[in-house]
Amino acid sequence: MFRKRMGTLAAVSAFAAAAMTLTACGATTTGAAPAASSGAPAPSTAAPAGGSGVALQAPAQGLKVVPGTAQQNHAPSTTGDLADPPGQQTTTAGRAWTELAASKAGDLDPVVVNGAGFTLYRFDKDTPDPSASHCTGDCAVTWPPVVLDPHGKLFLDGVDMKKVGAIRRDDGSIQLTIAGWPVYRFSKDLKPGQTNGQGVGGTWFGVTPDGGKAGAAGAGAGAGAGASSGTGAGTGAAVPATNAVLFDDKNFADNGSQGVSGTGCQNVPRPGVASSLQTDGTLKLWSQPDCTGDSKVVSGSVPDLASVGFDDRTASIRFN
């Protein structure tokens, strides 16, 4: 696992004494004036029409940056990132601490994860300059923004503090950004290290420590027509899959989706509605519960299940 350490606490003590605040990168505060020396909140810069969020300057919220992981700093296990149930967020207002760490998840290396090990993502429809989120309403339920209490701690491990910023969302919460890109979790990632959000809709990708798209060399591979494989369906390596996301519509359009993971045969929560499938390995689809009925082996993501004769037919999946 890739872990670029940020140096010892002694090495950053000068920073801690002088500016224990979240440093918003230049992309989030274009044209904004510096804060007054009195310590009063700095003026904000409005996001573009249709977006969500107001760019914040470094002194505006007093967010404390702490080098190292939450575990290394003995952060309480009942708060922060560790308090979130899989696929959910405990509050909309923020939390006592959040971690941004350079790591590896699935085939993504490097990619940023939170303190619980869940993959973090960026959205192509957002803007980094000025920084603004265009994921609100139901979108923000499927893709919970990575937020932090105004006076919370931000643990950074392998992520340059100069790349990290923040915006205020329409609901008042403070969302973290990397190189100006707002960052999110994916509600269908149910276990640490899963990357079910990679390539969804051709617009969602894991975020790298410098704000880029994780796996950029193959970015968007799941968004177009399926490449040929041993079964004539899907894209991806012929290795056993352990999880999948089933979308109600073609091309991974997230108008309804469900995650399935585990080993052996797993029944689908909502059978008979899937029109596309995203996975990073090989699995077998079945038309009836308990892996009975008609079946089809697929390797990798399938943008249109009708192409393999399984549109609105999947009732169970056999992994491994």
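**View 1. Ala 315 in the loop between strands E19 and E20.** Ala 315 lies in the loop that joins strand E19 to strand E20; helices (H or I, at least four residues) and strands (E, at least two) are DSSP runs, numbered from the N terminus. The model is predicted: local features need pLDDT of at least 70 and side-chain atom pairs count only at pLDDT 80 or more, while totals for chains, interfaces and linings use all residues. Residues are numbered from 1 along each chain as its sequence is written, and side-chain values use heavy atoms, with hydrogens and water left out. Ala 315 counts as buried, at 6% relative accessibility; buried means under 20% relative accessible area, exposed over 50%, and partly exposed in between (1.4 Å probe, protein chains only). Beyond residues up to four places away in sequence, Ala 315 touches Asn 267, Val 268, Pro 271, Trp 286, Ser 287, Gln 288 and Pro 289, where contact means heavy atoms within 4.5 Å. Ala 274 is 41 residues from Ala 315 in sequence, and their C-alpha atoms are 9.0 Å apart.

**View 2. Ser 275 in the loop between strands E16 and E17.** Ser 275 sits between strand E16 (264-267) and strand E17 (276-278), and is buried, with a relative accessible area of 6%. Its side chain makes a polar contact with the side chain of Asp 312 (3.5 Å). A polar contact is a pair of N or O atoms within 3.5 Å; within protein, one must be able to donate a hydrogen and the other to accept it, and residues adjacent in sequence count only if both atoms are side-chain atoms. Leaving out residues up to four places away in sequence, those that Ser 275 touches include Phe 247, Lys 250, Pro 303 and Leu 305. Asp 304 is 29 residues from Ser 275 along the chain, with 5.8 Å between the C-alpha atoms.

**View 3. The largest nonpolar core.** This core has 16 residues, of which Leu 246, Leu 283, Leu 285, Leu 305, Ile 317 and Phe 319 touch the most other members. A nonpolar core is a set of buried Ala, Val, Leu, Ile, Met, Phe, Trp, Tyr and Cys residues joined through side-chain atoms within 4.5 Å. Strand E14 (243-247), strand E18 (282-288) and strand E20 (316-319) each give two or more residues to the core. Apart from it lies another core, of 15 residues, including Leu 148, Leu 156, Val 159 and Val 164.

**View 4. Ser 299 in strand E19.** Ser 299 belongs to strand E19 (residues 292-299) and is buried, at a relative accessible area of 7%. The side chains of Ser 299 and Thr 282 make a polar contact (2.8 Å).

**View 5. Strand E4 and its partners.** Eight of the nine residues of strand E4 (residues 97-105) are buried, so the strand is largely enclosed by the rest of the structure. E4 pairs with strand E9 (residues 153-157) in the parallel sense over five bridges; two strands pair if DSSP finds at least two bridges between them. Trp 97 stands opposite Lys 153 in E9. With strand E5 (residues 108-113), E4 pairs in the antiparallel sense over four bridges, and Ala 102 stands opposite Val 112 in E5. E4 and E5 form a hairpin with two residues between them, and Gly 106 in the turn has a positive phi of about 60 degrees.

**View 6. Lys 163 in the loop between strands E9 and E10.** Lys 163 lies between E9 and strand E10 (164-168) and is partly exposed, with a relative accessible area of 33%. Asp 210 is 47 residues away along the chain, and the C-alpha atoms of Lys 163 and Asp 210 are separated by 6.6 Å.
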